[in-house]
Amino acid sequence: MFKNLINRPFAPWLPAALGCVLGFGFMHSASMGQEPFDFAHKVLPVLKKHCAECHTGDQKKGGLSLNSRESMLAGGESGAEVLSNDRSTSELLARVTTKDPDLRMPPEGPGLSELEIAAIEQWVRAGLPWEQGFSFGAQGYEPPLLPRRPELPAPSSPDRTHPIDRILDADRAARSLAPLRSIKDEVFIRRLYLDLIGLLPTPEQTQAFLADATADKHLKLIRSLLDRDIEYTEHWLTFWNDQLRNDYSGTGFITGGRTQISKWLYEALIHNKPYDAMARELIAPLSGESAGFANGIRWRGEVSAGQTVEIQFAQSLGQAFLGINLKCASCHDSFIDRWTLKDAYGLAAVYSNSPLQIHRCDKPIGQTASPGWLFEELGKIDAQAAQPERLKQLAGLMTHPQNGRFSRTIVNRFWHRMMGYGIVHPTDAMQSQPWNEDLLDHLAVDFVDQGYNLKELLFTIASSEAYRAESERLEERESTVPYTYQGPRARRMTAEQFVDAVWQLTGSAPNKFDAPIQRGKPIEIDVAQPKATDPQGVWIWSDTARSPSVPPAGEKIALRKSFTLDALPNQAFGVITCDNEYRLWINDRLIAQDKAWESLESFDAIAALRVGQNLILVEAINGGNGPNPAALYFEMKLIDPRGAVSIASSDKWEYTASALDAQGKLAEGVNDWKDAVVADGPWGGRLKNEIAMGLARGPLDGPMVRASLIKADPLMRSLGRPNRDQIVSMRPTELTTLEAMDLSNGQTLADWLERGAALWNARRVSAQTGDTAASATAASRELIDRIYMHALSRHPRSEEIETIDQWVGPTLEVTELEDILWSVVMLPEFQYVR
């Protein structure tokens, strides 16, 4: 990966890191980046057709029952294994392929076709995966609809009064299991930071927490992190973008067949909008900002009946809000649960603006769907109402306080996110029985009692002793052994968490982001100084925007504004956008550039200003293939103790058709400057509020840009970030071959670490107090300690220091720092939330 490793033997810590990346990666190379095996459509029909009569329900010929995966793996009277450990042989496959009439299954009829045998063979090689919750036997569990408030057991001790602990302690006591030990504070702070805001704690934050001797320091830390609105929002964007199939690029965005909900989602999270209100606005949008979820993806060309936006609506609502799978039921009555074609089409018809013909397996059956709701015990949809009213009714029924399935689904997903294993697992299998019904029901009713407050739900989970317990020690266990809570399950960082953590360590975060949002909350507007926050500018262009003419496609102009300062202001910040493209210079310094007029950019200009004459210069380019509207908006606020001054785009600006060079300079002798023209167009109505909010937020001294705000790059894709064409409630957890290659030899990570090594080396040089070997060694020691504290929230162990001394030496240079950084970020201790 790094050039210095070629000429030097591997340090002992490198094979350990490589083992994490390569060893585990190749073991699980098939488990990520591939579609899950489609048991319901590939195998279930074969089993029903050829095996069900003799081996399901009460029938158990030869002692073999196919009612469940567990009973199937147990085998029959012959004792032969249905599946070998290495998946190379299978009694099941042997019986359906043999030519021996005494052994072949089924014993009568023509047997399985070649396609059916191929499906069984693929199933065997995949390890006989089974649909969660499905059984050929009698369905013994139906999730309750109504909420239930369980009676809490008595506390096991005076210091374990938290409701979660009372429930889990009683469960463990009933199983004769000992209480779980708590983790150390240095482990807790790292776990909590990564879970609540997705960032590593700094060494200073860790040391301050460790030094705090107050009894309630854990609760104070939880609350303080939840109060960090920007970091909280930008971490949990990852979760919600997955849940709501929202992204910044991908299928449908270019063609207009899909719209983002990014701005609405960001504002909902940063204001901690109640979850029931979020759901209502997604199902029955109050404006176009939240409509992208319900509208789905309008695919180009002809699509199957199961891919229409109406059916997508039904599938998305079922999965996102109820944790149920309506994809099978969108094609035919489900093989795996109770949902029917009528159920799926009834929900789809609520969204449809025209009569919706029911299709079974992509063929019309001559029936029209009637708008309906899955749980009519709570109420019905007025099928005669107009579509907006039907959606409003559906939103009310979905979020009805008596819809316990709605609240159970989201608390289960948050439990999974924080604890590594759902109370119902997988989280999209909410038809399945929880491993602890009292725990799920208590969290759900408490969530409703708290006003559907997502932050309070996180506080409830994180403040329990169960959350502070040592991580579960995973061991091989039979699939027939039911899950028992043994502590939080260690979780791999998400792609975004890993990238953010590396950016924290290396200072490699970008300055720009792709999400079309304004970061943070607006600051309180000072009514005594309205000019400090109120927009003052207008949209301007060349005289080609003077009515009735329209700017031509490709028109490129330069706009300028000069101003004089008798003293530097305390703050200088602003906003800019252009339809379609711009580059902004202030006093020959490039300040901002962008190619999308709908994404308003904020900037901080204080470092570019000077006493005396100042010059703003903007290169602006119109896009399109023919004449179309074009305009620029610019506004900068200069604030000092005397008040605020606004410098904004107006018809007092000047423009020229002469081109700027790459450094933002004009050729000498340009003298064709003309007054800018106020341009009419749609921009003011679309961006008025964003401009006001951008100016109200003040200068850009906020936190680093987060990976959740960036379009996925190849590294994030290989680390498991989905393309979000579909809802993803659980990302795959195993490493892959592609990921191993990117981590061990990928250029993106290598560039970040190289940049970080240079930054750390500059710190080492500045920290060194003299030219002696002793001072160089001391500075290197301090640097290594800080790297470990930031990455792992602990000091390096003595054996780690000895290893570094042995293979690197007592002093560090840039190339050695690259190796150390890479070795640390490859450690499982770094890559896991434990």
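**Aromatic pairs and their labels**

Author: W539 has a relative accessibility of 8% and so counts as buried, the term meaning under 20% relative accessible area, with exposed over 50% and partly exposed in between (1.4 Å probe, protein chains only). This is a predicted model, in which local features need pLDDT of at least 70 and side-chain atom pairs count only at pLDDT 80 or more, while totals for chains, interfaces and linings use all residues. Residues are numbered from 1 along each chain as its sequence is written, and side-chain values use heavy atoms, with hydrogens and water left out.

Reader: Why is Y633 called buried?

Author: Y633 has a relative accessible area of 2%, and therefore it is buried.

Reader: What makes the aromatic pair of W539 and Y633 tilted?

Author: The structure holds 29 aromatic pairs. In the pair of W539 and Y633, the centres are 5.6 Å apart and the planes are at 50 degrees; because rings of Phe, Tyr and Trp (its six-membered ring) pair if their centres lie within 6.5 Å, and planes under 30 degrees apart count as stacked, over 60 as edge-to-face and the rest as tilted, the label is tilted.

Reader: Why is the pair of F603 and F634 called stacked?

Author: The ring centres of F603 and F634 are 5.6 Å apart and their planes are at 25 degrees, so this pair is stacked. Both F603 and F634 are buried.

Reader: How do you know that K217 lies over the face of F209?

Author: K217 is placed over the face of F209, at 4.6 Å from the ring centre, and the label requires NZ of Lys or CZ of Arg within 6 Å of the ring centre and within 35 degrees of the ring normal.
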